[in-house]
Amino acid sequence: MIEIKDLTVKYLRQDDFVLALERINIEIPAGQIYTFIGPSGCGKSTLLYVLSGIIKDYTGRVLINSQPVDPKKQRIGMIMQNYGLMPWRNVYQNVVLGTKIKDGQRRLDEYGQYILEQLGIDHLLDRYPKELSGGQQQRVAIARSFILKPDLLLMDEPFSALDAISREEMQELFLDTWKQHNVTTAFITHSVDEALYLGSKIVVLSPAPGTILEVIDNPCFKMEDMRLQDDYYDMSARIRKVLDKGR
Amino acid sequence: MIEIKDLTVKYLRQDDFVLALERINIEIPAGQIYTFIGPSGCGKSTLLYVLSGIIKDYTGRVLINSQPVDPKKQRIGMIMQNYGLMPWRNVYQNVVLGTKIKDGQRRLDEYGQYILEQLGIDHLLDRYPKELSGGQQQRVAIARSFILKPDLLLMDEPFSALDAISREEMQELFLDTWKQHNVTTAFITHSVDEALYLGSKIVVLSPAPGTILEVIDNPCFKMEDMRLQDDYYDMSARIRKVLDKGR
Amino acid sequence: MSSNGKWQGALYGFGLVIILWQAVAWLLKIPIIPTPGAVFVNIADIFANQMQVHVVSSLGRILKGIFIAIGLGVPLGFLMGYFEKLDKIFSPLVYFTYPIPKIALLPIVMLLFGLGEASKLIMIVLIVIFQIIITSRDAVKNIPAQVFRSLQSLGAGRWQMFREIIIPASLAEVLTATRLALGTAVSVLFFTETFGTEYGMGYFIMDAWMRVNYLDMYAGIVVLSFMGFCLFIVVDIAEKYYCSWR
Amino acid sequence: MSSNGKWQGALYGFGLVIILWQAVAWLLKIPIIPTPGAVFVNIADIFANQMQVHVVSSLGRILKGIFIAIGLGVPLGFLMGYFEKLDKIFSPLVYFTYPIPKIALLPIVMLLFGLGEASKLIMIVLIVIFQIIITSRDAVKNIPAQVFRSLQSLGAGRWQMFREIIIPASLAEVLTATRLALGTAVSVLFFTETFGTEYGMGYFIMDAWMRVNYLDMYAGIVVLSFMGFCLFIVVDIAEKYYCSWR
Amino acid sequence: GCSSGQNDAAPDKNEKTIRIGVMPDVESIPFIIADKNGYFAQEGVKVKIEHFKSAQDRDSALQTGELDGVVTDVLAVVFANEGGFNLKMISSNDGNIELMAGKESGIMSMQDLPGKSIGLSTNTIMEYTTDQMLAAAGLKPEDINKIAIAPLPTRMEMLQGGKIDAGILPEPLAGLAVKNGAKVLQSTDRMANKAGAIAFTQKSLKESPQEVKAVIRAYNQAVDYLDKEPLDSFSDYVIKTQGFPPVIKDSLQLPQYRKMALPDENIVADVVEWMRTKNLIKGNYEYADLVDKNILR
Ligand SMILES: Nc1ncnc2c1ncn2[C@@H]1O[C@H](COP(=O)(O)OP(=O)(O)OP(=O)(O)O)[C@@H](O)[C@H]1O
Ligand SMILES: Nc1ncnc2c1ncn2[C@@H]1O[C@H](COP(=O)(O)OP(=O)(O)OP(=O)(O)O)[C@@H](O)[C@H]1O
Ligand SMILES: [Mg+2]
Ligand SMILES: [Mg+2]
């Protein structure tokens, strides 16, 4: 469970500052997926930085399972917008980085092997990041966070560099693992479709400085053949309206 | 006009190599937009590297306006998948980099100002890239290539980091400028929708090593309210089928 | 880093040196290690009318030497880092000549340039230029290839590559090299100012040593370190200004 | 770079030095600059029974000195680069002590550590450690903050930060620093081997110089450069191996 | 300024400046005095005294044609000739080198030396002199432990710090060491085997004999002056220009300076012999090879 109270984040620059998030209030119950959608630059990544303990300089209160954010204690799987791979580690080493840090485990277990296969990067293990295509790099980042089996999953546009079909496969894979482990997840996306498909609630943010415009209950979540239902079009239109209104 | 004959590209590694593209044959007539779609890692970016003169080590023949590729002579606007911004230059300097190199022009003219406003980055001019969000960085890269007024536009998933609504605006902006200047464009995208909306022809690539599966004439191009037409669904289904079959 | 915190740190650092020195001086109680107190009193005594002129001449030599060494070494290093062919030829050359004890070249330098100012400058340049060449070369080599791609697609010429990428990307390392060169240049004054001149901190310290005047010698060393310290601070300020994008 | 091309380059570089040297020798025709031919003949003459022992002792000293200097300097530099507080205190200290002409400390080092090997090692360490500290510190400072983010979100401890990021990210710069340190260490043999020993290339060259035996002196210099060259090549190979990810 | 190279002989011979390299030692004092009192000008010769802190620097300057003459020693002259530089002694000089024992070494006389360490610089006049002194006391070089410490102040410091048992030092540092408690065991003053020399390049002897002769006259005048005048009247100046430790002012002992005179043939032969047995030189040098006898006439 994530509780965010009155969160305001500023980035300090030479002599001024940039207000990135303003008075954010939200709760994500344990085991739920919330998707976040909002215009470019509204502070979505910033929110994840706060949740993952990267940004510590904020006002307001952020609690994870009633405890202050502390990535040492919590098991946080984070997929960063720019993937966050270590250029000096090959794919294998990058994939096991999470478990190595958290558990001292440098070996891939069966589950890890399964994830790599599902992501289609099991034949790239000895490549360095610069020898991968953009989508391959992104899949390495996805693999790392899945294999960690985190308590909290923070995904920043995790499928942005994947082609339409892979993307759908990855969405399935994500939902599968989520169903198994029931990870509390904050999922940032730019696709209304994806937000509807994956989120039990959809959080719509305003342009910078980011504030919450609306938290929308998603009836489409876990719906079979979502895209063929009427609800989907209603919801899609509604989100677009909220987004547009926010401008 | 771009002519590609029997293009094969290999990446050399320590003791082996990776075949990225195999026997690609295609012609893009002057003034046309071709969209390229294909699974992650199939060699789309590689193709653009060849067209932009970054990769020189290939077999086959690549001609731009009947001349071998030479970025010194041709005016190539490239939007790279990872944006390709100079971290030590602020937004303004990054935006004018193209005209500075090509024309020695370090000033923004009216058109440039207009582009910046349309992209919504005119208030960020003194920021360094690391002080921008992912989508803002991408828009800076877009601005740079548009302002260059290139003869050849190479766009590698140029809108991948933008939210749904901005993305649509950018697509409009792109079509607008394309209509004005009639730039020959190779446009890589992961979205079938985008491929249909922007491309006069759609090139579908197979998984690695990339070969051309099909070059599809796009009846939807320049269609009003494309998404409401029947053709759109047919085409969409067809592309997905070609993609799927290629696996 | 607040400039306030910086100065506070400098004070701590300085204090630490003094305490260590004082401790050693008290422990050994021999004239070769005078107490810091005595040395500072001595500096106060002789700075204005004896040392100033030495400081000025040394400072001039160091600055000139560093400028020449940077002016020659950085471009050469950059070229070696960028053009692999040049590197293949010049690196072995640098690898052969860097380890030559430059003092052993003194006869040749004297032969070619006499006992005057030119020889001293050349000695400084000869000693520090290798550090500068190697650091700049390595800095350029460490720039990831993909950084060059945007400019390649723009068909940038070589000079544009240098201006837009190589220079800004390597600036921090060049400043590191400048720090090293400064430190080395200051500490080799000792050998470069021992002939043909009666001015310079190197001469002053050497002379004091020969005269077994340890108070003067240490006064000279302290002033020399302080001079070096100030030069380092200048480089730090330059870095803060030019590398603000990091 | 193919190792073949490398050797070819080395040959070119070496040839260039020889040609330059030959030209100067012919132009000036004085005993101070013997011809390369004469020097190489001399090396062939005296290497086995006169120089070898000097080479071995110097090599030992250099390697020991460099290992100690890297062992102390790199961790300190890394810590200074990573923890701003440490940097604020230690940087001024380094800035003060780097410019001190270490040779002026020779008598003190000798008094404290005797006339034996220890003093010589300490002199080498004292001279090269500053370059290593400053380069490693600057290398860590130049790592972009965002590289640390993945590990921060994993709650990595300090040691893990060092192992996963700081060490690999700075390795290339540490190797650059090693090159500088090697070059410097070889060229200061000259001062560190002037006391308490009759073995070492520094002693050999200095003695030859004093004996006005320029043939021997140049033989010593050539052997010394070659020694340095080999050490550089070792570093290059290490770099190729450890920095293959670039 | 920087004169470039050796071949810039002044066009007008009378304008030729004689450049003489000196070290911070007592041997050079007559030149300092001659300069101070204007004797060179009186004799109609331009002289520039160049000060050096190390013998290496001085010899390099000489070998590169930056100097015409030097205050040096027989060994250095032999080495120079062996190295192919035509350098000729025109006179001996007067210094004093002392072998002394450290305050706490317990060494009272030469006979206590066996097994002890002596600081010196190897293959120089210092080692030669030490060997002579040992031989005079019936000792062999192998009986003692020679420790190379080239820089004089460091050698003195090591002696005072007890890192070496004995050391060989020239004036004025010798005087200072004595003042600080070192015990003199032997000196070249007592043994009268001084190997100091004044030497000029063959080139300047040939090209400017008149000037060199004028230098000799000025030197001799300075020797007269040093003989007559009380030490106090010039010691401050000498200490300052020569860079002597100021504390030695009251203990400064100048040797009995003599007018320029040819070096002792026996000493020269002895030095050459010593160098040959140590394998330092290959050639065999006769007195006439090393000394220019004509200029003093
Ligand atoms: N280091 C920084 N210094 C100053 N401003 C910053 C910095 N990082 C981000 N910002 C600003 O903060 C705001 C929020 O950035 P953030 O990266 O969180 O946006 P985002 O919602 O993730 O956008 P996108 O969808 O484009 O990735 C943006 O306006 C950005 O310009
Ligand atoms: N430097 C390199 N060394 C080795 N292999 C490489 C290198 N760069 C790319 N590749 C490989 O070449 C293939 C094509 O890469 P490319 O970047 O062109 O793919 P892409 O179609 O752009 O994929 P994406 O949609 O994921 O960006 C990939 O399989 C990739 O792993
Ligand atoms: Mg973001
Ligand atoms: Mg790509």
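Tutor: Val70(E), in β3(E), is the bridge partner of Gly21(E). Strands here are DSSP runs (E, at least two residues), helices are DSSP runs too (H or I, at least four), and both are numbered from the N terminus. This is a predicted model, in which local features need pLDDT of at least 70 and side-chain atom pairs count only at pLDDT 80 or more, while totals for chains, interfaces and linings use all residues. Residues are numbered from 1 along each chain as its sequence is written, chains are lettered from A and ligands numbered from 1 in written order, and side-chain values use heavy atoms, without hydrogens and water.

Student: How many bridges join β1 of chain E to β3(E), and do they run parallel or antiparallel?

Tutor: Two bridges join β1 (residues 17-22) to β3(E), and the strands run parallel; two strands pair if DSSP finds at least two bridges between them.

Student: Is β3 of chain E buried or exposed?

Tutor: Five of the five residues of β3 (residues 69-73) are buried, so the strand is largely enclosed by the rest of the structure. Buried means under 20% relative accessible area, exposed over 50%, and partly exposed in between (1.4 Å probe, protein chains only).

Student: New topic: how many residues of chain E are in contact with chain D?

Tutor: 25 residues of chain E are in contact with 21 residues of chain D, where contact means heavy atoms within 4.5 Å.
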